Amino acid sequence: MRKRHLFTPGPVDVPPEVLSALAEPLIHHRAPDFIPYFKAANEGLKYVFQTQNPVVTFAGSGTAAMEAAVANTLSPGDRAITVEGGKFGERWTELCKAYGVEPIVLKIEWGKAVTPEQIEEALTGNPDVKAVFLTLTETSTGVLTDVESICEIVAKTDAISVVDAVSALAAEKLLTDAWKVDIVVAGSQKALMLPPGLAFCSVSAKAQAAIARSKCPKYYLSLAKAIKKLEKDDTPYTPAVSLIRALVVAAKMIRDEGIENVWARHARLGRALREAAVAMNLSVFAQNPSNVVTAIRIPDGVDGEKIPKILRDKHGVTIAGGQEQLKGKVIRIATLGWANDLDVFAVIGALDLTLAEMGHKFERGAGLAAAARALSA
Ligand code: PMP
């Protein structure tokens, strides 16, 4: 099999220590053997989320945690603010509608971030709003949102703040408690360095009060049930035992490196990618770019849909293309999770070869040189 390199915003390369944990023989989840793993996983999650609140784990992808956040805190007929500046912000609107919640949609031009002032204005104009749904890093555009300032505003109202950190967790700075974020949702297949399959929800006291009032239907994704069991280091249903054992290892790796150092590493690699793109006569799509994924604008005349295909077929390199309105117009590159300086050279080197083959005009090697300068700064 050809050597592969994953540079997508999930799934990501999984370190060998984590893969080994996945290969351990199964143990039963209701037996004492499992409890120390479950405890360690939950402690690890609290560290990665930077929270003292319970963090619930579901077997599911990130969207399951998004759905849980809507279904558990709201009631049909409630109103909630959503921000549509990309595909994942739109998902909050869709989920609200699915549960009979009326979304007040803030439409933001793709590539831009919603501002705290826009959220404040929407909250002032709609004082009955029960929740504000945000996306820390909008994976479809590469935009980072100032969740810290926005959640400070939301905290002064009766509404809860809900942050999609599915792609951001353990890559972009996020202080759940200090920033007063009521619910953070995340998934395993991003900077947590695990395979897909786990979805997480941190739940504040204010969110727990909202859960007690909520009348939306829920069963498997009941946060109240999961939190009650979590207090006894247990789960309502069969947990994804192997993934939880792997999570213990991945969370320890993050703790050993130090979460601030993990964020700094992502920032350093993200900056190198952005500087390399500019040096290759390309531009960064996002006005407020995240370090999670870099969306690179592809000039007219170059087929943006072909770039990921050539990278995959000739070089074994997987990146992401543009989604929806950005199809063919951007490529998205992520150095997420278990990534280091050499990964930047690998993906930029492969991009240099590919763009040259496609006839894009740029100085050969300039991207690699820019990356080298950024990484040695
Ligand atoms: N939100 C964001 C910001 C994401 O990047 C993703 C996955 N790309 C999701 C939600 C959905 O997660 P999943 O595909 O794991 O359901």
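User: What makes up the accessible surface of the protein?
Analyst: In this predicted model, the accessible surface comes to about 15,400 Å², and 53% of that belongs to carbon and sulfur atoms. Areas come from the Shrake-Rupley method with a 1.4 Å probe, and for residues only the protein chains shown count as cover. Local features need pLDDT of at least 70 and side-chain atom pairs count only at pLDDT 80 or more, while totals for chains, interfaces and linings use all residues. Residues are numbered from 1 along each chain as its sequence is written, and side-chain values use heavy atoms, with hydrogens and water left out.

User: How do you know what radius of gyration a compact globule would have?
Analyst: The rule is 2.2 Å times the number of residues to the power 0.38, with the radius taken over C-alpha atoms. For 377 residues this gives a value near 21 Å, and the protein has 21 Å, so the two agree.

User: Why are strand 11 and strand 14 called edge strands?
Analyst: Strands are DSSP runs of E, at least two residues long, numbered from the N terminus. Two strands pair if DSSP finds at least two bridges between them. The open sheet has the order 11-12-15-14, with antiparallel pairing. Strand 11 (283-284) and strand 14 (320-321) each pair on one side only.

User: What joins strand 14 to strand 15?
Analyst: Two bridges do, and the strands run antiparallel. That count meets the pairing rule of at least two. G321 stands opposite I331 in strand 15.

Terms used
Helices (H or I, at least four residues) and strands (E, at least two) are DSSP runs, numbered from the N terminus.
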